[in-house]
Amino acid sequence: MNYLSVENISKSFGDRVLFKDISFGISKGQKVALVARNGTGKTSLLRILAELEPPDEGSITYRNQLKVSYLSQETNLTATATVADSLTDNNHIADALLNEKPHYELTEEEQTWLGKIKSVAGKLNVDFFHQQVGVLSGGQQKRLALAKVLLDEADFVIMDEPTNHLDLDMIEWLESFLTTTSMTMLLVTHDRYFLDEICDEIFEIDNGTLYRHKGNYSYYLEKKAERLDNEQASKSRARNIYRTELEWMRKQPRARGTKSKSRIDAFYETEQLAKKKTEQGNVQLDINISRIGSKILEVHRVSKSYDELKLIDAFDYSLRKGEKIGIVGNNGAGKSTLLNIITGNVKPDKGKVVIGETIVTGYFEQQSADMSGQKRVIEVVRDIAEFIPMSGGRKISASQLLERFLFEPSMHFQYVEKLSGGEKRRLYLLTVLMKNPNLLILDEPTNDLDIETLSVLEDYLASFEGCVIIVTHDRFFMDKVVDHVWVFEGEGKISVINGNYNDYRLQRKVLKREQKKEERKSEPSKPKAETPKKKLSFKEKQEYEQLESQIQLLEEEKSLLEKQLSEEGINHEQLMEKAQRIQQIIHEVEEKTMRWLELAEYT
């Protein structure tokens, strides 16, 4: 059953064509993701589908009486309404959210809805029902808007970056929620694990054209690589034919009647294909970094509280050369506060931070505070330097650097306020890297960046010779970049995990399992006879002994594959094959570790 039909729609801004004559349909139950580079029209297309702005041409048609909900990046909630009123139109339910004991009985249906609202709102940490929307932070408003969309139970849901402003636990809950729901959806997100788990089809906008790929994100990458290889081969063939036909065209008399009209038409078609851009280029990150000495960063017994809220309690750490740290924890736990203490923007209550003399810090904040919307793009870069040192001792101009970051010459004199959200973030990242830092501190660098830029940034950071400290909710990004995780556990406690996010997640599962075991032990004994302790069978003993070596072999294979991914000369097929095998190994290691723990209880 077709829920949405889009026929030949186009959209341009001035002479900038976002997309032209694109058509597609979405059927009941489909979960579709839209991917494209920043500034190529993702949000514009979603707004057109939400009927908030018209296309230049074409039409969109929804099935009759279909309920559509739209989660935008900019929330449109009523500032004077309470959170309770925003979550429900039912006054009885709103009153029950505000008062534990309302003065009247709720119907059975109202009680069910009250339970649903509390469940969804609780998972997204939206429990401030009395507050007015206008006093909430941007992140709180975004989570409230997401809760509202999920509770709408619409037939068709459009979501623009739903994971922004969510912590990792919230993202994993949302992933589970959307996987099990039957709602039809179209979403834009840069979270690749999220895409892999939820979506069954990927729409890609590239050079104004829409491409459709059945399957999840991993399958899309494979098919895109094949498409680009085929396009490159077609372009090479067209160039060879074009050279031959161009010579024929030049030799023929000027009078068109003496030539074959079909051959002339074919010549212009071949010319168009031969000169077509198959790719718009990649972001190039080969900016020089400053020399790094032996002393980098030392955090000595740092503590920070706000009134009764303890965020950091006597945290110690000494950063080693080349180390890359990922920071995780619930929203409001103190992650950004720690970054601001390290950079000197916030003073600790106790303790101190010592930074080495050779250290040049580059701080990428959540808000691009220093970028004036009234400046032109080229002015933002020239305010830092007219010429920028690159690796290998070379220098390039500000305009050349902009082109390496995918800002075409026509955009250099555009005002910053005219850029898309992702383009602003990419420009801000450029200004941070221009200062040649050897210690990068990145606070949510993945927000609003397109997937292609994220991939390039990941590769750059993975081979970065300096140190990196990152706060991010992008699990894929963290798995690829970091080698240690700082975990904000609450009450000021910060624990340190060796490994990436997946290693932290696995250790957390092990810890929860151990906690459940302790809880079972501490439960009061029951009068009935105890069940005799299970003993391992001969096969289980063999399995237990083999699991540890199997896990070690898998980890070694994973390390080897990760090393091979960074080698030069690897083609698309090899890249996809190795990346998929790494994901398979991660799942196998997790399953085998949990099985090992299960058997260990009875050894």
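1. Two cavities of 30 Å³ or more are present in the structure. A cavity is a set of points, on a 1 Å grid over the protein atoms alone, where a 1.4 Å probe fits but cannot get out; lining residues have an atom within 4 Å of a point. Grid points are joined across faces, edges and corners, and a volume is the space filled by probe spheres set on the points.

2. The model is predicted: local features need pLDDT of at least 70 and side-chain atom pairs count only at pLDDT 80 or more, while totals for chains, interfaces and linings use all residues. Residues are numbered from 1 along each chain as its sequence is written, and side-chain values use heavy atoms, with hydrogens and water left out.

3. The largest cavity has a volume of about 70 Å³. Its lining includes Leu166, Asp167, Ile327, Lys335, Glu444 and His473.

4. The second largest cavity holds about 60 Å³. Asn502, Asp503, Leu506, Glu555, Lys558, Ile586 and Val589 line the second largest cavity. Helices H16 (501-522), H17 (538-565) and H18 (572-600) each give two or more residues to this lining, and H16 gives the most, with three. Helices (H or I, at least four residues) and strands (E, at least two) are DSSP runs, numbered from the N terminus.

5. Val360 sits in the loop between strands E13 (350-355) and E14 (361-364). Beyond its neighbours within four places in sequence, Val360 contacts (heavy atoms within 4.5 Å) residues including Ser290, Lys435 and Leu439.

Note on methods: 1 Å grid on protein atoms, 1.4 Å probe; cavity = no way out; pocket = protein on both sides within 12 Å on 5 of 7 lines; lining within 4 Å.
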